[in-house]
Amino acid sequence: MKKKAWHVVRGTALVLLLTAPSVYATTSIEQLVPAAPDGGGTYAAHQLNQPCGLTVSQDGLIIVDSANQKIRRLKDGNLTTVAGADRALDAYGQPRGGYVDGEAAKAVFNHPSFAVADTKGNLYVSDTHNHAIRKITGGKVYTLAGTGNSGCKDGKGAEAQFHAPTGLAIDQDDNLYVADTLNHVIRKITPDGTVTTFAGNQAEAGGYTDGSAEVARFNEPVGLIFDNNGGLYVSDSGNHLIRFISRGKVDTFAGKPTVIDKDTGYMAGGYRNGDRHEARFNRPQGLVYAEGVLFIADSLNHRVRAIQSDGKVINVAGQSTSGNTSGSVENERFNQPVALAYMEGKLYVSDSLNNKVKTVPVQPERLEPVRSAGELLSGTELLPASETIQVWFDGKHVDFQAGIKPYKAGDKMYLPIRPLFEQWGAKVEWLPATRGVQLKKGDWSATMIRPDNVQVVVRDGITYVESDYLKNTLPQFLFAYDEEYNAVVIDSGQ
């Protein structure tokens, strides 16, 4: 495996990683709200500080300004405070958390993380370090459920207990669903405040089991979102998977489970695009569902990913290494994006450790993935290097038969056309009149001619094409070569 796994050490107070003081263009709220003079994450009334959850309400975009201990609203370019008092700073220059209900301007939170609005305009907030679910309505803040102390207990209102709740979702009947992260379960809260366990088994350590909601196991679930049919997606963050709950059953929707590390208790994170069952994620967190597409804040991959209606996983924005740039999609960099919202053709992204919310214009029905040689190599889990050239085509390893394999001649590389394109699903036809090869797949076709050309060679009845000739003949295809792994990776763009 080419990529290295990343693990969180158990016992941290919050798993959201908020502990550090081409086609699309991206912009930032920084353009609307002045940045702090030092450009860093220290508190200022006009600046976001490790923003987390995002949700669209009846009155603008709600931003959970986590380290500022506030709930903010962005409307018409203006950022205002919905709830949360100004607080004294701790030794690290950060506002101190607390726990106070009452008037919104005087209420106090302790690292709130996610928010969601119901059909009546009430706003719900997961107050993570207070282990409670807060409700904002009529200019006041109430505790809907939870005691302020960690635990796992069903019941009504103050009888119930949570352990670091994070992601929230709401159904058509205004039932609230909570990712009870460090209890490793999904909870349900009815409008009257009655809490039950909806899916998963509470345990000190997380696990991984599909099946009925009663036997299923999660590992630090975070993001929640409903699809249009009432199915609930869960970002099973500690397992680096996307799970799906429907009709009382939990299934793995996307991601490839790996062996759980005995020392850390986590599966290995990774990065791979393509078929959802083979895709890899690294601490997926916030989710949003828009027009049949599931968008994912893939936090430790520093990317925004998407699972399309055809089941294909692509990268929408971001690169392997963290950064803080905006512009074309090829240049966009995030630093641990944790939450998403979608509104009117824009995807809003909480770029948490950059203290920003960025926007990425998207058309869910016509998404364009990030396409570059670096992205192509990053998204492919290459096999260990060997003398044999390994070839990957649209995320799948091409299995050549003995004696019919790619080869090098000097500084040139030759690929056998028929097995390469037939495994991709194309029809390969020899054209005697022109001594060429025609490729067809659906509405797509291409012809390669003149085997006497040095770039097209016939050996033992097999037609080989030099890689540069293939690039020139198929300009819509993307080719990348990893010298260390002796690997050719091809993306058709289809």
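Analyst: Arg 276 counts as partly exposed, because its relative accessibility is 22%; buried means under 20% relative accessible area, exposed over 50%, and partly exposed in between, with a 1.4 Å probe and protein chains only. The model is predicted: local features need pLDDT of at least 70, side-chain atom pairs count only at pLDDT 80 or more, and totals for chains, interfaces and linings use all residues. Residues are numbered from 1 along each chain as its sequence is written, and side-chain values use heavy atoms, with hydrogens and water left out.

Arg 276 lies in the loop that runs between strand S21 (274-275) and strand S22 (284-290). Helices (H or I, at least four residues) and strands (E, at least two) are DSSP runs, numbered from the N terminus. Beyond its neighbours within four places in sequence, Arg 276 is in contact (heavy atoms within 4.5 Å) with Phe 253, Ala 254, Gly 255, Ile 307, Gly 311 and Val 313. Ala 306 is 30 residues from Arg 276 in sequence, and their C-alpha atoms are 9.9 Å apart.

Glu 332 belongs to the loop between strand S25 (312-318) and strand S26 (337-343). Glu 332 counts as buried because its relative accessibility is 0%. Its side chain makes a polar contact of 3.1 Å with the side chain of Lys 358. A polar contact is a pair of N or O atoms within 3.5 Å; within protein, one must be able to donate a hydrogen and the other to accept it, and residues adjacent in sequence count only if both atoms are side-chain atoms.

Two further loop residues concern backbone geometry. Most residues other than glycine have a negative phi. His 240, between strand S18 (232-236) and strand S19 (241-246), has a positive phi near 60 degrees. Asp 460, between strand S36 (456-459) and strand S37 (462-466), also has a positive phi, near 55 degrees. His 240 is buried, at 4% relative accessibility, whereas Asp 460 is exposed, with a relative accessible area of 81%.

As for the sheet, five strands form an open, antiparallel arrangement in the order S11-S15-S14-S13-S12. Its edge strands, S11 (155-156) and S12 (165-170), each pair on one side only; two strands pair if DSSP finds at least two bridges between them. S12 and strand S13 (residues 176-180) run antiparallel and are joined by four bridges. Pro 165 has Asp 180 of S13 as its bridge partner.
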